Amino acid sequence: IVPDGQAAAQQLARAGHAVTVYERDDAIGGLLRYGIPDFKLEKQHIDLRLAQLEAEGVRFRTGVNVGVDVTAEQLREAHDAVLLACGALQGRDTPETPGRALRGVHQAMAHLVAANRVVAAAGEGRPALAVLPDGTPIDAAGKHVVIIGGGDTAADCLGVAHRQGAAGVHQLDLYPEPPHARDAARDPWPTWPWILRSYPAHEEGGDRVFAAAVQEFVDDGAGQVRAVRIAEVTVSKRDGRRIVTAVPGSERELPADLVLLAIGFEGTEEQPLLAQFGVARNARGAIDARPDWQTDADGVFVAGDMHRGASLIVWAIAEGRAAAAAIHSYLGGVGELPAPVDPARQPLAAR
């Protein structure tokens, strides 16, 4: 459950509905708990809100992978309505880049989840190692780390790598270094400005490399990455498509024992529950919603990142509350619940 699910659960419980939340992880919180580092969001704040929801009557079931441990048919038999709030965790990849299959090249979220589990275990007085589910180490301690991407997830990986004791960190950004102040002619207020965004993690160290792209993950001869070969690039658009062009003669190598791909998300994960409910991902990897927040399956609603793609927490909360209002109406609830947005609502943009 992510913020949209929590917001919807609270709204529905307060309106008198019996609400059960299913979570496939061992603890409630979704991306907030295992995707965002504690130096950015201390988990005590999640726990306080969950305690409040539980006191208000929300029932939580952890370690339940819907579609595997419990089927969609079983959920429909037990509940009058279902809200899908599974987020957008399908990480964008770069399978065409030579060397992508080398050991040591991972999705950024795998690194963050492993690190968060170590911190959670330490808080409970238990020792733990930063490893993947199969036991593969994914700790930055003593390693040369290369982070590909310039957004929030990349900055989170940077901060975690510092705390794990990385020998050095390079963060690559495909685009040229942005200006330090808003260009009002290009991005008038209140549109989202193109400016250099620095996080506290950047003040802690590491090197940012702009206008650069990986050409190859370099093998150490034994199947482990030892470096990345990068080149300076220019980025243009043609027919709505991004065209990345390497600058001839600009190639060089950066040492890399651990490479983290933080290049965005491609929507919600393909998982058994989708087929079981009779819904499919659209071209953006998201799940479409009707004006009443229902999917193509009657009585099955969707909200948050699973519906709109990876976005901000405030959008997830707004969509969760709006979906709760739609579910309340669908169930014949008395009165109206707050519905701050509709499924087609988008952020302001310059035209």
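Q: How many salt bridges does a search of the whole structure find?
A: The search finds 18. Keep in mind that this is a predicted model.

Q: Which residue does D26 pair with?
A: D26 forms a salt bridge with R117, and their closest N and O atoms are 3.3 Å apart.

Q: Where do D26 and R117 lie?
A: D26 is in the loop between β1 and α2, while R117 is in helix α5 (residues 108-123), so the pair ties together parts that are 91 residues apart in sequence.

Q: And why is D26 called exposed?
A: Because its relative accessible area is 51%, and exposed means over 50%. R117 has 31%, so R117 is partly exposed.

Q: OK, what about R290? Which residue is its partner?
A: R290 forms a salt bridge with D298, with the closest N and O atoms 2.9 Å apart. R290 counts as partly exposed, at 29% relative accessibility.

Q: How far apart are the closest N and O atoms of E319 and R308?
A: They are 2.8 Å apart, and the two residues form a salt bridge. E319 belongs to helix α10 and R308 to helix α9, and the pair links distant parts of the chain, 11 residues apart.

Q: Are E319 and R308 buried or exposed?
A: Both E319 and R308 are buried.

Q: Switching to helices. At what angle do α1 and α10 pack?
A: Helix α1 (residues 3-14) and helix α10 (residues 313-330) pack at about 35 degrees, and their axes are 7 Å apart. The crossing is right-handed.

Q: Which residues meet there?
A: From α1, P3, D4, A7, A8, Q11 and L12 take part; in α10 they meet I313, A316, I317, G320, R321, A324, I327 and H328. Sorted by class, this contact has nine nonpolar, three polar and two charged residues.

Q: How many residues of α1 are buried?
A: Of its 12 residues, 11 are buried, which leaves α1 mostly covered. Among the buried ones are G5, Q6, A9, Q10 and A13.

Q: What covers them?
A: The cover includes β1 (20-22), α2 (30-34), α3 (44-55), β3 (82-84), α9 (305-308) and α10.

Q: How far does α1 reach from its first C-alpha to its last?
A: α1 reaches 17 Å, close to the 16 Å expected at 1.5 Å a residue.

Q: And which residue follows α1?
A: G16 follows α1, and the phi of G16 is positive, near 100 degrees.

Methods
Residues are numbered from 1 along each chain as its sequence is written. This is a predicted model: local features need pLDDT of at least 70, side-chain atom pairs count only at pLDDT 80 or more; totals for chains, interfaces and linings use all residues. Side-chain values use heavy atoms; hydrogens and water are left out. Axes are lines fitted to C-alpha atoms, for helices over the stretch in contact, and angles run from 0 to 180 degrees between N-to-C directions. Helices (H or I, at least four residues) and strands (E, at least two) are DSSP runs, numbered from the N terminus. A crossing is left-handed if the near helix is turned anticlockwise from the far one by less than a right angle, and right-handed if clockwise. Contact means heavy atoms within 4.5 Å. Ala, Val, Leu, Ile, Met, Phe, Trp, Tyr, Cys and Pro count as nonpolar, Asp, Glu, Lys and Arg as charged, and the others, Gly among them, as polar. The expected span of a helix is 1.5 Å times one less than its number of residues. Buried means under 20% relative accessible area, exposed over 50%, partly exposed in between (1.4 Å probe, protein chains only). A salt bridge is a side-chain nitrogen of Lys or Arg within 4 Å of a carboxyl oxygen of Asp or Glu.
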